[in-house]
Amino acid sequence: MSTETGIKRVAVVGTGVIGASWAAYFLAQGLQVSATDPAPGARERLTEAVLRHWPTLVESGLETGASFDNLSFHDTLEAALEGAQFVQENGPERADLKLALFARMDAALDQNVVIASSSSGLLMSDVQAACRHPERVVLGHPFNPPHLIPLVEVIGGRRTSAETIQRTLDFYRAIGKRPINPKKEVKGHIANRLQAALWREAFHLVAIGAASVSDIDDAIAYGPGLRWAVMGPFANLHLSGGEGGMRHLLDHLGGPIESWWGDLGMPVLTPELKQKVVDGIDTELANRSDTQITTERDELILAMLRAKAAAASIP
Ligand SMILES: NC(=O)c1ccc[n+]([C@@H]2O[C@H](COP(=O)([O-])OP(=O)(O)OC[C@H]3O[C@@H](n4cnc5c(N)ncnc54)[C@H](O)[C@@H]3O)[C@@H](O)[C@H]2O)c1
């Protein structure tokens, strides 16, 4: 697979939650995957995770040549990088560790190989600092679980080349991902900041007793969340403006929206608030199994992705 980009072998560095999910996805796309992780038992955990993700990937459609047999695990980083044409890094989210890991990968790899980091919040301008070839270091931030969610945020650091960004976007697109390329490095990137904005108000509303945890989950999951899974917040706002679209909506409701912004909370995660939210989720999900919820969530996401792919007007 991925003949357009010429990439056939991907190294997956760090095979925890995110690395294992990426590995399963790359395999399903017909790629060779060479993985590494220094933790004891990592090889067995990776095998178990890939096999667990495989039925979902079969259901979403395997590419030609996709096989679990294309997975190899290596005890050293350098062995995993040998022959790799693209690297997806998924080590722990610690700046010092990532900096050292990137310097070591950079020293081992041919200078044309892109090294993409899954980092949730670190800036590539920092991560690439100790590399001889910082121009090939880029953010490739997935959303959990990467074997299912199409979004990947591709963002360069100060020294990342435009060519690297383009090649990374091309690669992710060629394997069925939906990459975006925000132009500015900001803490937490884009999608996590949007989530954080919503969580901030959700925690605030629980803290002041305005709503329960399950009220808030219902308000999103049976309200705007249904629309947001179809289209983003701006496209939805445009449709809310009727014939006048976004312009009318902003002229008409912009004032009230601004006044709500002025009233939003800034909660602090005190022990009391944490306990309130833990108790709230225990009540909401009592007598339901997390495993079953996860399975059904993934099936619904798959069904939604299929339906979206068939809807021609949806952006
Ligand atoms: N969990 C999420 O929801 C999520 C989502 C998107 C991105 N991310 C990002 O993905 C990365 C991995 O997160 P995770 O949730 O999979 O964490 P994790 O703890 O599950 O996995 C991290 C793995 O890195 C391994 N590791 C430790 N030192 C290493 C080294 N020197 N070289 C290679 N591997 C090493 C660990 O043994 C572990 O298996 C982080 O940068 C995180 O910010 C996480």
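At 3% relative accessibility, does His189 count as buried or exposed? His189 counts as buried, because its relative accessibility is 3%. Here, buried means under 20% relative accessible area, exposed means over 50%, and partly exposed is in between (1.4 Å probe, protein chains only).

A quick note before the views: this is a predicted model, where local features need pLDDT of at least 70, side-chain atom pairs count only at pLDDT 80 or more, and totals for chains, interfaces and linings use all residues. Residues are numbered from 1 along each chain as its sequence is written, and side-chain values use heavy atoms, with hydrogens and water left out.

**View 1. Here is His189, a non-glycine residue with a positive phi.** The phi of His189 is about 60 degrees. You'll find His189 in the loop between strand 8 and helix 7. Helices (H or I, at least four residues) and strands (E, at least two) are DSSP runs, numbered from the N terminus.

Val186 sits in the loop between strand 8 (178-180) and helix 7 as well. Val186 counts as partly exposed because its relative accessibility is 25%. Not counting residues up to four places away in sequence, Val186 touches Leu123 and Arg193; contact means heavy atoms within 4.5 Å. Val186 and Ile155 are 31 residues apart in sequence, and their C-alpha atoms are 9.7 Å apart in space.

**View 2. Step into helix 7 (residues 191-207) and look for His204.** With 17% relative accessibility, His204 counts as buried. Leave aside its neighbours within four places in sequence, and His204 is in contact with Gly265, Met266 and Pro267.

**View 3. This one shows the largest nonpolar core, with 33 residues.** A nonpolar core is a set of buried Ala, Val, Leu, Ile, Met, Phe, Trp, Tyr and Cys residues joined through side-chain atoms within 4.5 Å. Val10, Phe26, Leu46, Val50, Phe86, Phe171 and Tyr172 touch the most other members. Among the elements that give two or more residues to this core are strand 1 (9-13), helix 2 (42-60), strand 5 (114-117) and helix 6 (162-174). Helix 1 gives the largest share, 8 residues. Why do such groups turn up? In soluble globular proteins, nonpolar side chains tend to be buried together.

Now zoom in on Phe86. Not counting residues up to four places away in sequence, Phe86 touches Ile7, Arg9, Val10, Ala11, Val113, Val114, Ala116, Thr168, Phe171 and Tyr172. There's also a second, separate core of 19 residues, which includes Ala11, Leu77, Met105 and Leu109.

View 4. Thr36 counts as buried, because its relative accessibility is 5%. Its contacts, not counting residues up to four places away in sequence, include Val12, Val13, Gly14, Thr15, Phe73 and Leu77.

A backbone N or O atom of Val17 lies 3.0 Å from an oxygen atom of the ligand. For Ile18, a polar backbone atom is 2.9 Å from a ligand oxygen atom, and for Gly91 the distance is 3.4 Å. The protein covers 72% of the 830 Å² of accessible area that the ligand has on its own; such areas come from the Shrake-Rupley method with a 1.4 Å probe, and for residues only the protein chains shown count as cover.

View 5. Pro145 is in the loop between strand 6 and strand 7.

**View 6. Finally, take a look at Asn287, which has a positive phi of about 65 degrees although it is not a glycine.** Asn287 lies in the loop between helix 12 (271-284) and helix 13 (290-309). Asn287 counts as exposed because its relative accessibility is 86%.

Conventions: Polar contact = N/O pair within 3.5 Å; in protein donor to acceptor, adjacent residues only side chain to side chain.
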